[in-house]
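This briefing covers the ligand sites of one model. Please keep the structure open while reading.

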Amino acid sequence: MYWEKEIETISPEELKTLQQERLKLTLQRAAQTPFYRKLFAQAKIKPELIKTKEDLQFIPPTTKEDLRSGFPFGFLSVPLTEVVRLHSSSGTTGTPTVIYHTASDLARWSNQVARSLFTVGVRKNDIFQNMMSYGLFTGGLGMHYGAERLGAMTIPIGAGNSKRQIWFLKHFKSTVIHIIPSYALLLSNLIKSEGLDPKTDFNVNIILLGAEPHSEGTRKRVEQAFGAKAYNSYGLSEMNGPGVAFECGYQTGMHLWEDYYLVEIVNPKILTPCQPGELGEIILTTINREATPILRYRTKDLAFYYQEPCPCGRTHLRISRIQGRADDMFIFRGVNIFPNQIETVLMNIPEVGANYRIILSREDYRDIMRIEVEIKPELFAGELPKLERLRERITNELRAEILVTPQVVLVEPGTLPTQEGKAIRLIDKRKL
Ligand code: ADP
Ligand code: ZN
């Protein structure tokens, strides 16, 4: 059973006590690491005086750059012989970051994922097809071990290779899939192009969407295509990976497991706490991890939290879906825009297909935004004036949201490039 009732419905007072005990241990562990030992000395912090979540404000936040500067062992708090695995970020942009895990860290992480899966109804008799890439990326292995812990038959198929995915879906009658949202849209189209209906020819009834920001519209499309429920799964490698926050059956916000993390949501500029409903940056402190304690990690992910208790009875903090990353925002002719605003508009237009991309360029000192949008195949059979009217409608709806006029280009399905991992939606040629 992975309904950890006592801990999932813990009272605020008990949670506070638990968090304080774990924070104390975490600070002791952090003091063993070269990075925090130096930080505590420089900032004249006595870790034994930091007792509550409120006291955390005396510790400067840790950034991705700090993690990089600590490469390779700056954040390690146990002897290397105790470490049984590491995960590392891709490192395509500079020095990689490394997170080490002891055996008990891995056991706790699996537990965290098993609990999350149980929350959305995954059970022992499910067949779980894990369409995330295995390896250093945490989405694959992280979810894998959680699903095994829960007892579901787990198929470690990994990312991509759509034909094989479809073959497995058909022959093993997978009931649960874990998939990147942009790929879920593409896969459902591919299934249809093979003459199959993802809704009736397969047995998928639970879809776990994770690893990249996506709108409510995208979720609805995925649900409709597969005739299944899709749940939002949030995680990041610095905080283990999947299992940090997960939706429950009510699908309004994700429960962020507060027996594992201390959560702050702050104004990203001045780091003051946000009110419920106010968008801010998520800052997380690990309190249930040995090998790599991280204090006040700036995730750059933007969300807000709900004040009202969740009808499911879980008391852990409920955060909204991730609205974007602080560093995703781009400035176009003086207007601040998040790619997610564009996605939200596009995915609510029924004629729009599965893929789109935004290309920013500069011509004669003037910024140009071109949005290439795949539209449903049947529309290309129609007359030109119809397409032109659709193009105008899409342009107008986008302008109403982002307040500038993009150049909208309608293209046939399957023409825009796709990625095996997270989708690349924004290409900013102004910086090149
Ligand atoms: P990398 O840093 O190499 O992209 P990570 O797995 O650590 O690999 O990426 C974590 C990031 O992915 C998060 O900080 C967040 O921006 C994004 N992410 C993960 N899950 C979700 C989700 N459900 N919704 C929105 N964004 C997500
Ligand atoms: Zn809930």
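Donors are N, O and S atoms within 2.8 Å of the metal (3.2 Å for Na, K and Ca); water is not among the atoms, so sites may look incomplete. The donors of the zinc ion (ligand 2) are spaced C-x6-H-x54-C-x1-C along the chain. This is a predicted model, in which local features need pLDDT of at least 70, side-chain atom pairs count only at pLDDT 80 or more, and totals for chains, interfaces and linings use all residues. Residues are numbered from 1 along each chain as its sequence is written, and side-chain values use heavy atoms, with hydrogens and water left out.

**Zinc ion (ligand 2)**
- Cys248 (SG), His255 (NE2), Cys310 (SG) and Cys312 (SG) are the protein donors, at 2.1 to 2.3 Å from the zinc ion.
- The arrangement is tetrahedral (four donors, all angles between 85 and 135 degrees) because the four donor atoms subtend angles of 102 to 116°.

**Ligand 1**
- Ligand 1 is surrounded by 17 residues (a heavy atom within 4 Å), and the closest are Asn232, Ser233, Ser237, Asp301 and Lys422.
- By class, this shell holds six charged (Asp, Glu, Lys and Arg), six nonpolar (Ala, Val, Leu, Ile, Met, Phe, Trp, Tyr, Cys and Pro) and five polar residues (the others, Gly among them).
- An N or O atom in the Asp301 side chain lies 2.6 Å from an oxygen atom of ligand 1.
- A polar backbone atom of Ala211 is 3.1 Å from a nitrogen atom of ligand 1.

Note on methods: Chains are lettered from A and ligands numbered from 1 in the order in which they are written. A polar contact is a pair of N or O atoms within 3.5 Å; within protein, one must be able to donate a hydrogen and the other to accept it, and residues adjacent in sequence count only if both atoms are side-chain atoms. Four donors count as tetrahedral if all angles lie between 85 and 135 degrees; four count as square planar and six as octahedral if opposite donors are over 155 degrees apart and all others between 65 and 115; anything else is irregular.
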